[in-house]
Structures are given as structure tokens and as C-alpha cells.
Amino acid sequence: CSGDKGIEVNLTIGDIYRMCEFLMVPLEEFFSKYASLKAFGDPRHPKVYDLDIGLNMPCKFRKEGKCSIYPARPLNCRLFPYWLLIRAPEDKLKELLKGKCSYNLDKKSLKK
């Protein structure tokens, strides 16, 4: 990895499961030591943001310039130096997500 302390590493559910299993730690311990919710925003809309799960930085798994959990490293680390980006028109997203989730694309929030 780059070792750049300014780069956030977001985690997928699969990452969390794989890392907990590799480290042999329960989910609660994983979050208390290694990860937390991170605000993720769009610079064009500074008051609008989502929450992502990410590694606490600097990464506690980077030891002597190497990844200490390499076989279980997160997807973003596996893809480095590339990033997985998905962009779709919001009208198409609304159509695709209709009835499948309660995420409100207009307000960027969960419906209650």
C-alpha cells in the first residue's frame, strides 16, 4: 500500500468478516481497535454526507512498511492503486432501487 495517512480505506462487509476471522477477534473488538464510521461527502455539497465504515488511520496493520494481514486485506487495498468507483444517473438508480431498499436518493438519508 501507499502508506499515505491521508487516504481513507473503506471496508465492505466481506472485508470485516475476513479480517475478524484472520485476526480471530469478535466484531466488537475489531471496531473498538481498528475501524469506525467515517463521514464521506461530496465537496460540491459540503452539508450532505453519508457514513461509511473505514479503517482508523494511520492503519494499525501496516508494520515495517508491510501489511501484517495481507491475506485478509480490505478490497480497497487489494485494488490499490486503483479505486472502485460506480457512477450511475440518479433517475436510473431510482428505477433500479425502487422497492428494494429504503434509501432516499433525494435526501441522501434512510426513510423511516
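This is a predicted model: local features need pLDDT of at least 70, side-chain atom pairs count only at pLDDT 80 or more; totals for chains, interfaces and linings use all residues.

Colleague: Okay, let's zoom out. What pattern does the protein chain follow along the sequence?

Modeller: Start with the parts: the protein chain has 4 helices and 6 strands. Read along the sequence, they give the pattern α-α-β-β-β-β-α-α-β-β.

Colleague: How many salt bridges does the structure hold, please?

Modeller: One of them joins the side chains of Asp 15 and Arg 18, at 2.5 Å from N to O. Another links Glu 29 with Lys 33. For the structure, the number of salt bridges is 2.

Colleague: Why are Asp 15 and Arg 18 separated by about one helical turn?

Modeller: Both residues belong to helix H1, residues 13-23. They are separated by about one helical turn because their spacing in that helix is 3 residues.

Colleague: And is Asp 15 buried or exposed?

Modeller: Let's check both partners against the cut-off, since buried means under 20% relative accessible area. Arg 18 has 26%, so this residue is partly exposed. Asp 15 has a relative accessible area of 1%, so the answer is buried.

Colleague: Now the other bridge. How far apart are the closest N and O atoms of Glu 29 and Lys 33?

Modeller: Glu 29 and Lys 33 are 4 residues apart in helix H2 (residues 27-33), so about one helical turn separates them. Glu 29 is partly exposed at 26% relative accessibility, and Lys 33 is partly exposed at 40%. Their closest N and O atoms are separated by 2.9 Å.

**The aromatic rings**

Colleague: Which residues form the aromatic cluster?

Modeller: The count of aromatic pairs comes to 3. One of them is Phe 30 with Phe 31, which is edge-to-face, with 5.8 Å centre to centre and 85° between the planes. Together, the members of the one aromatic cluster are Phe 30, Phe 31, Tyr 34 and Phe 61.

Colleague: What kind of pair do Phe 30 and Tyr 34 make?

Modeller: Their ring centres are 5.7 Å apart, and their planes meet at 50°. Planes under 30 degrees apart count as stacked and those over 60 as edge-to-face. With an angle of 50°, the pair of Phe 30 and Tyr 34 is therefore tilted.

Colleague: Which residue has a side chain joined to that of Asn 56 by a polar contact?

Modeller: Asn 56 lies in the loop between strand E2 (45-55) and strand E3 (62-63). With a relative accessible area of 18%, Asn 56 counts as buried. Leaving out residues up to four places away in sequence, Asn 56 touches several residues, including Lys 33, Tyr 34 and Ala 35. The polar contact between side chains, at 2.8 Å, is with Ser 36.

Colleague: How far apart are the C-alpha atoms of Val 9 and Ala 35?

Modeller: Val 9 is in the segment before H1, and at 9% relative accessibility this residue counts as buried. Along the chain, Val 9 and Ala 35 are 26 residues apart. Between their C-alpha atoms, the separation is 9.7 Å.

Colleague: Last one. Which residue has the backbone oxygen that the side chain of Asn 76 reaches?

Modeller: Asn 76 is in helix H3 (residues 75-79) and is buried, with a relative accessible area of 15%. Among the residues that Val 9 touches, not counting those up to four places away in sequence, are Asn 76 and Cys 77. At 3.5 Å, the side chain of Asn 76 reaches the backbone oxygen of Asn 10.

Technical notes. Residues are numbered from 1 along each chain as its sequence is written. Side-chain values use heavy atoms; hydrogens and water are left out. Helices (H or I, at least four residues) and strands (E, at least two) are DSSP runs, numbered from the N terminus. Buried means under 20% relative accessible area, exposed over 50%, partly exposed in between (1.4 Å probe, protein chains only). A polar contact is a pair of N or O atoms within 3.5 Å; within protein, one must be able to donate a hydrogen and the other to accept it, and residues adjacent in sequence count only if both atoms are side-chain atoms. Contact means heavy atoms within 4.5 Å. Rings of Phe, Tyr and Trp (its six-membered ring) pair if their centres lie within 6.5 Å; planes under 30 degrees apart count as stacked, over 60 as edge-to-face and the rest as tilted. A salt bridge is a side-chain nitrogen of Lys or Arg within 4 Å of a carboxyl oxygen of Asp or Glu.
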